[in-house]
Amino acid sequence: MKSLAGPDATIETPAPELAVDVTLIDEMLALDPTERLRLNDRMVDMLEDLRRGLGSDEPPR
Amino acid sequence: MASALTNLLAELAAAGAEFIVVGGLAAVAQGAPLTTLDLDIVHRRTPGNVDVLIELLERHNARYRGRPGGPPLPLDRLALLGPGHSLFMTDLGPLDILGAIEEGLDYEALLPRSRQAKILGRTVMVLDLAEIVRLKRLSSHPKDHAMLPLLEETLRRRGP
């Protein structure tokens, strides 16, 4: 099929939609509010451990 | 220090404080799979409720965050009666006590847009996920927009 766009036409492609991991959402929705908040506590602790590890003075292996 | 935001929230409820959980932890409580580092609450700004909050803050060795090193400042009761934001570090984690949030929405305005949640056996009010999404859409912060798809999908899958 012949294109109607001229030689200088720019065709814009739409930005890709962000993909959301619905599995994770469904797993969270299966928990009760206390369990969800406890999970957040554990994630915060893990992030803090990571932060301390990354700031460690030990030389990389 | 292990994160104890869940315990902090339950302690606030156990103390009889009147507040609404907002921000990241409100979204987490309703199923959003994200991680938040602090507890944000909008409190009822009555003298009695402020006294309850101050008593809890003192019990948990609260100090103002973001202030230069030096002796801890006394808790500012007048500030807690106003619409401003008071940011604390307690021995159970960071606690932000907000007199009002976007659009000047305070406790009374947010209460009809909140729902009950049971946390460690205590009933707390959390800002409804639909309202959280609405406010994030209005925000000009890139961070708020970045989490919108996740919040919107959680809302869709949760239903009304």
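Guide: Welcome! Residues are numbered from 1 along each chain as its sequence is written, and chains are lettered from A in the order in which they are written. In this predicted model, local features need pLDDT of at least 70, side-chain atom pairs count only at pLDDT 80 or more, totals for chains, interfaces and linings use all residues, and side-chain values use heavy atoms, leaving out hydrogens and water.

Visitor: How far apart are the end C-alpha atoms of helix α3 of chain B?

Guide: Helices here are DSSP runs of H or I with at least four residues, and strands are runs of E with at least two, numbered from the N terminus. The expected span is 1.5 Å times one less than the number of residues. For the 13 residues of α3(B), 47–59, that gives 18 Å, and the end C-alpha atoms agree, being apart by 18 Å.

Visitor: Where on α3(B) do its buried residues fall?

Guide: Buried means under 20% relative accessible area, exposed over 50%, and partly exposed in between, with a 1.4 Å probe and protein chains only. In α3(B), the buried residues are B:N49, B:V50, B:L53, B:I54, B:L56 and B:L57. Seen down the axis, with directions taken from the axis to the C-beta atoms, they fall within an arc of 165 degrees, so they line one face of the helix.

Visitor: Is B:L127 buried or exposed?

Guide: B:L127 lies in strand β7 of chain B, residues 122–127. Contact means heavy atoms within 4.5 Å, and beyond four places away in sequence B:L127 touches residues including B:I20, B:L110 and B:I132. Its relative accessibility is 2%, so B:L127 counts as buried.

Visitor: Which helix gives the most to the lining of the largest pocket?

Guide: On a 1 Å grid over the protein atoms alone, a pocket is an open set of points with protein on both sides within 12 Å along at least five of seven lines, and lining residues have an atom within 4 Å of a point. The largest pocket is lined by 23 residues, with B:K136 and B:D144 among those nearest its centre. Elements giving two or more residues include α2, α6 and α7 of chain B. With three residues, the one that gives the most is α6(B).

Methods
On a 1 Å grid over the protein atoms alone, a cavity is a set of points where a 1.4 Å probe fits but cannot get out, and a pocket is an open set with protein on both sides within 12 Å along at least five of seven lines; lining residues have an atom within 4 Å of a point.
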